[in-house]
Amino acid sequence: MAGRLSLVVFMVMVVAAMQLQSSKAATHVVGEGIGWLVPPGGSAAYSTWAAAQTFVVGDVLVFNFTTGQHDVAEVSKAAFDSCNVTNPISITTNGPANITLTAAGEHHFICTFSRHCGLGQKLAINVSASAPPPRTTPTSHVVGDALGWLVPPGGSSAYATWASTQTFIVGDILVFNFTTGQHDVAEVTTAAFNSCNTTNPISIVNDGPANITLTTAGEHHFICTFSRHCGLGQKLAINVSSPVSTSPSPSPQPATPPPSSPPSPTPSPAQSPAATPPSPNHTPSSSPAPAPSSVATPPSSSANPPPSPSGPSPVSPTTPSETAPPPPSSAPSFAAAALPVSLLSVALAFLF
């Protein structure tokens, strides 16, 4: 029995540990539908995808590609910026490739096939040691930090890397620091973002610095509409989450006044009057009747011999002894015997 109980406890602990591990680690399919290839829109495709993700140590990156047509190599930031394929940190040539993120910080991946990295098959992400707690109050984000809002020297990966280190919620404010007349900031659709189409923006701000409040959850895309600025990397894609509400909802639970319902004590007095009716039937013979009832069943034998002075008395003791005593004595004894058996069966059912 003790061995079976220990086995059950061990299995419960194993399942709990597996659930805890699965809740911590996440799997990210790089590029999702497009997979790992030379993207049609250049490196912005992967930087946009990365900006909408949150990476934590233990997460797994899945690179879907055809063996012999692509590979995936982790490289240093300098090699990533210059697309230097020599001396990679690690390389996987068979697809699909699953890469587990084992360290916090920036990680850079490229394809080492000729010209693939230069055409945009590259991914930069930022990995946190643990998942950040959900934020409930809005804040301000200075886009690019000290870099500001301009044509970045390293291309669009500069803003993609910056966005991957931020968490955006509804109510946050984006601060675009730029010089009026040299840049602007326009919010556009995903299609316009990927193709750098500056016509028909959702909104546009021409005066810098520009403060833009994020009013809706989901993906948001920003570009500069000045000639060639978007194509040279002055573009930003972010993912905005809804703030987490901390209002406790279990207030309706206190409404549990059923314990006040136990007017069950009323049935107990009902049993006491049930014993009284026999007494009013015969007032003279009621005094001898309680005597045999208190003695229980044995006195019935002593009541059979006629020591009682009155003749009709033998008939009256027989009726109370047969009706009243047997039912109460037999019923409780059976319930008392059945109670431990039922409890034992329930315990065994939960154990096995």
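This is a predicted model: local features need pLDDT of at least 70, side-chain atom pairs count only at pLDDT 80 or more; totals for chains, interfaces and linings use all residues.
Residues are numbered from 1 along each chain as its sequence is written, and side-chain values use heavy atoms, with hydrogens and water left out.

**Overall picture**

The protein chain has 12 helices and 16 strands; these are DSSP runs numbered from the N terminus, helices being H or I with at least four residues and strands E with at least two. Of its 352 residues, 29% are buried, where buried means under 20% relative accessible area, exposed over 50% and partly exposed in between, with a 1.4 Å probe and protein chains only. Taking contact as heavy atoms within 4.5 Å, residues 24 or more positions apart account for 73% of the contacts with a separation of 6 or more. The chain exposes about 20,500 Å², and carbon and sulfur atoms supply 63% of that area; accessible areas come from the Shrake-Rupley method with a 1.4 Å probe, and for residues only the protein chains shown count as cover.

Two strands pair if DSSP finds at least two bridges between them.

| Strands | Sense | Bridges |
|---|---|---|
| β4 (residues 72-75) and β7 (residues 105-110) | antiparallel | three bridges |
| β10 (residues 168-169) and β16 | parallel | two bridges |
| β15 (residues 218-223) and β16 | antiparallel | six bridges |

Some residue partners are handy when you browse the model: Glu 74 stands opposite Phe 109 in β7, Ile 169 opposite Ser 241 in β16, and His 221 opposite Ala 237 in β16.

**The largest cavity**

The structure holds one cavity of 30 Å³ or more, and about 60 Å³ of space lies in the largest cavity. On a 1 Å grid over the protein atoms alone, a cavity is a set of points where a 1.4 Å probe fits but cannot get out, and lining residues have an atom within 4 Å of a point. Grid points are joined across faces, edges and corners, and a volume is the space filled by probe spheres set on the points.

Helix α2, helix α4 (157-164) and strand β16 (235-241) each supply at least two residues of the lining. Among the lining residues are Ser 47, Tyr 159, Phe 193 and Lys 235. Seven of the eight residues of α2 are buried, so α2 is largely enclosed by the rest of the structure; Tyr 46 and Trp 49 are among them. Strand β16 is also largely enclosed, because five of its seven residues are buried.

**A loop glycine**

Gly 171 lies in the loop between β10 and β11 (173-176). Its relative accessibility is 26%, so Gly 171 counts as partly exposed. Not counting residues up to four places away in sequence, Gly 171 touches Pro 138, Thr 213 and Leu 214. Gly 171 and Thr 136 are 35 residues apart in sequence and 9.8 Å apart in space, C-alpha to C-alpha.

Notes:
On a 1 Å grid over the protein atoms alone, a cavity is a set of points where a 1.4 Å probe fits but cannot get out, and a pocket is an open set with protein on both sides within 12 Å along at least five of seven lines; lining residues have an atom within 4 Å of a point.
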